[in-house]
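Reader: Before we turn to any particular case, could you show me how to read burial, ring pairs and sheets in a model like this?

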Amino acid sequence: AGIQKNSFDVVLHELFGFIASSEGCALSVGHARDYYCKPDGHCLPSRAFSFFTLGSITAEAMDAYDVIYASKKFFLCHEARISEFMITNKSSYFECFDFNSKDEKTEEKEQETKKSEDAVKTKGVSLIQEYVHEFEISTSSWFNSLCIFISIDVSIEKSSGNSKDILCFPFGDERLKSSDSSAKPGNYVTSFYGENSGRYASNWMNPILLLPNPRHVTAGEKVEVETKVVLDSLQPSYYFHVFLKNGTERESLGEISLQYAELYPDFVEV
């Protein structure tokens, strides 16, 4: 007789890659939710984020990690200790998903700066996400990398960022604070390996993106990063443009683009 549409209370999934969306979760989970969930049904996990921070990675550090894959653009590491080589005191998400949202429009956060206001959207999920991120260097060092980790909310009820896990470092992104007093704290697992990381999930790996034009930076200097993710297919793509700021002037430290085929070079479609 087949499966009746919108007949399930919960859709259980695990379609996250080492970048949360890199295995096509934006479209796949959105479709599963819209087709299988009851109007008051839920997806589990309910929310997902991909964060990044600024790093100064050394050859000695890489020797100590389990490097799964390496290219001219990035390393893919298992249990990369990001807190040991980060050079700023914050992280920032460059993509976010709320799979339980029933609103056609993703909630706009006052604190976030969007480059595009006409992003393609499905319920709770922007399929094109563009942000501008600002960082302040906390440790004088050689700035040469962007370090990525993910955070997954495995709670079913409507949740907010107002929980111990999400507000302490590394989840200090101000955009995650909620004014909704009825929202419950999230229940997060993460691929950030280090202090204050909450519940660490060892099955995910960390991409370490390599700057095309690394340079020495000093404490107090400002860095701006423009990011764009394109999620309107099952093979997403990612873009990062890094600038060193000096007042109103910006010095480009290079652009990094990652296509699906670069992230999964051994993938063969069957």
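Author: Let us start with burial: a residue is called buried under 20% relative accessible area, exposed over 50% and partly exposed in between, with a 1.4 Å probe and protein chains only. This is a predicted model, in which local features need pLDDT of at least 70, side-chain atom pairs count only at pLDDT 80 or more, and totals for chains, interfaces and linings use all residues. Residues are numbered from 1 along each chain as its sequence is written, and side-chain values use heavy atoms, with hydrogens and water left out.

Reader: Is Thr-88 buried or exposed, and what does its side chain reach?

Author: Thr-88 has a relative accessible area of 3% and is therefore buried. A polar contact is a pair of N or O atoms within 3.5 Å; within protein, one must be able to donate a hydrogen and the other to accept it, and residues adjacent in sequence count only if both atoms are side-chain atoms. Here the side chain of Thr-88 reaches the backbone oxygen of Glu-136 at 2.8 Å.

Reader: How should I read ring pairs, and how many aromatic pairs are found in the whole structure?

Author: Rings of Phe, Tyr and Trp (its six-membered ring) pair if their centres lie within 6.5 Å, and planes under 30 degrees apart count as stacked, over 60 as edge-to-face and the rest as tilted. A search of the whole structure finds 17 aromatic pairs. In one of them, the ring centres of Phe-16 and Phe-99 are 6.5 Å apart with the planes at 40°, so this pair is tilted. Phe-16 and Phe-99 are both buried. The rings of Phe-49 and Tyr-93, with centres 5.6 Å apart and planes at 50°, are likewise a tilted pair, and both of these residues are buried. Ring pairs also link Phe-49, Phe-51, Tyr-93, Tyr-131, Phe-149 and Phe-192 into a cluster.

Reader: Which residue lies over the face of Phe-135?

Author: A charge sits over a ring if NZ of Lys or CZ of Arg is within 6 Å of the ring centre and within 35 degrees of the ring normal. Lys-90 lies over the face of Phe-135, at 5.2 Å from the ring centre.

Reader: Which residue in β16 stands opposite Phe-135?

Author: Strands (E, at least two residues) and helices (H or I, at least four) are DSSP runs numbered from the N terminus, and two strands pair if DSSP finds at least two bridges between them. Phe-135 stands opposite Val-223 in β16. Strand β16 (residues 222-230) runs antiparallel to β9, and nine bridges join the two.
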